[in-house]
Amino acid sequence: MPAEMPQNPSDEAEPLARLSSMKNAHKPDAAPPESPPEDAANANPAAAPADPAIDQEPMAIISDIHGNLEGLTVVMEEINKRGIRRICCLGDVIGYGPNPLECMDIVINACEFTIMGNHDFAIFYEPYNFNTAAENAAFWTRGQFETDTDRERRNRRWRYLGSMQTRLNTSRFLAVHGSPRRPINEYIFPDDIFSAQQKISLIFDRITHLCFVGHTHVPGVFVQHPDFYSPEDLGNKYVISDEKAIINVGSVGQPRDHDPRSSFAILHPDHVEFIRLPYDVATTVEKVRAIDALDNFLGQRLVEGT
Ligand SMILES: [Fe+2]
């Protein structure tokens, strides 16, 4: 592990390099409250109950943007180029990256639903179980939100963050940031299929068919056996059947599967398509380096996809 690797693996685990460790499977359930504030304005349609109107129209599912404007721009261009009108975001819009306001504004304008991630939670409420680099980035990000001189834009962003729900349950799928049992904070790692089978079993008990997640920044599909298939294993296409599946769409702004390209997925009527897109990593890294509150490691990891 490099010297600059964050100290706390619970928020910063390098999922594929993490050797079989049981510690994630047996952490006490000490998650923070996961309910939205009662006074949150209904600015984000994810605040709505189950949406029976979800139909067969293709839907882009993006996650873990982390304030990376260059990555998000490339992904949004691809979605537009494909004529896809519906976009669901699984959270962590902000945190770590140098352009949180710009990314939040794009998400507010483009996404039909946005689920709350642990970094969104950290900026709206408080950082929970973060290492120093992540916490410093969270406080810097909060400062960006607080000091925008345009009151209307400022309030709109806070309303949107405050209205984010922890899960979206539609007629086609369940969507959460982390896992169905601890939607904000629990990681489902690929190696859990070997090292934490009970955890995987308990998680699958909580879903009825398809569940989309982010949080680990590692794309792929978990099935109940248990097993895990990377997009590469699947030829970038998971064919939907009757079997339960937990589908991680990867990260737009901070991939951690040793592939620096932005990752997202499209839900088609009968399959899920995984997509990777190169973006201008060097520009993002330069921006990170220019901001003292953002650890240089947060730029370096973008180059390495870790
Ligand atoms: Fe994340």
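In this predicted model, helix α2 passes helix α3 in a left-handed crossing. The two helices, α2 at residues 69-81 and α3 at residues 100-110, pack at an angle of about 25 degrees, and their axes lie 9 Å apart. Angles under 35 degrees count as roughly parallel, and α2 and α3 are therefore roughly parallel to each other. On the α2 side the contact is made by Leu69, Leu72 and Met76, while α3 contributes Glu102, Cys103, Ile106 and Ala110.

Turning to the strands, an open sheet of six has the order β4-β5-β6-β10-β7-β8, and the pairing is mixed. Strands β4 (167-169) and β8 (227-229) stand at the edges with a single partner strand each, so one side of each is left without a neighbour in the sheet. From one strand to the next, the twist averages 20 degrees.

Within this sheet, β7 can be followed through both of its pairings. Strand β7 (residues 220-223) pairs with strand β10 (residues 245-248) in the antiparallel sense, over four bridges. Here Val221 has Ile247 of β10 as its bridge partner, and Phe222 stands opposite Ile246. In a regular strand the side chains alternate between the two faces of the sheet. Strands β7 and β8 also run antiparallel and are joined by three bridges, with Val223 standing opposite Asp227 in β8. These two strands form a hairpin with three residues between them. What kind of peptide bond joins His225 and Pro226? The bond is cis, with omega at about 15 degrees, and Pro226 lies in the loop between β7 and β8.

Strand β7 also takes part in the packing of helix α8. In α8 (residues 197-205), Lys199, Ile200 and Ile203 are buried. Seen down the axis of α8, the buried residues fall within an arc of 100 degrees, so they line one face of the helix. These buried residues pack against α7 (192-195) and β7. On the other side of α8, Gln198, Ser201 and Asp205 are exposed.

At the level of the whole chain, the secondary structure comes to ten helices and twelve strands. Buried residues make up 45% of the 306 residues. Of the contacts with a separation of 6 or more, 76% are between residues 24 or more positions apart.

Key:
Residues are numbered from 1 along each chain as its sequence is written. This is a predicted model: local features need pLDDT of at least 70, side-chain atom pairs count only at pLDDT 80 or more; totals for chains, interfaces and linings use all residues. Two strands pair if DSSP finds at least two bridges between them. Axes are lines fitted to C-alpha atoms, for helices over the stretch in contact, and angles run from 0 to 180 degrees between N-to-C directions. A residue is buried if 20 or more other C-beta atoms lie within 10 Å of its own, exposed if 12 or fewer, and partly exposed in between; C-beta atoms are placed from the backbone. The arc is that of the directions from the helix axis to the C-beta atoms. Two residues are in contact if their C-beta atoms, placed from the backbone, lie within 7 Å. Angles under 35 degrees count as roughly parallel, over 145 as roughly antiparallel, 65 to 115 as roughly perpendicular and the rest as oblique. A crossing is left-handed if the near helix is turned anticlockwise from the far one by less than a right angle, and right-handed if clockwise.
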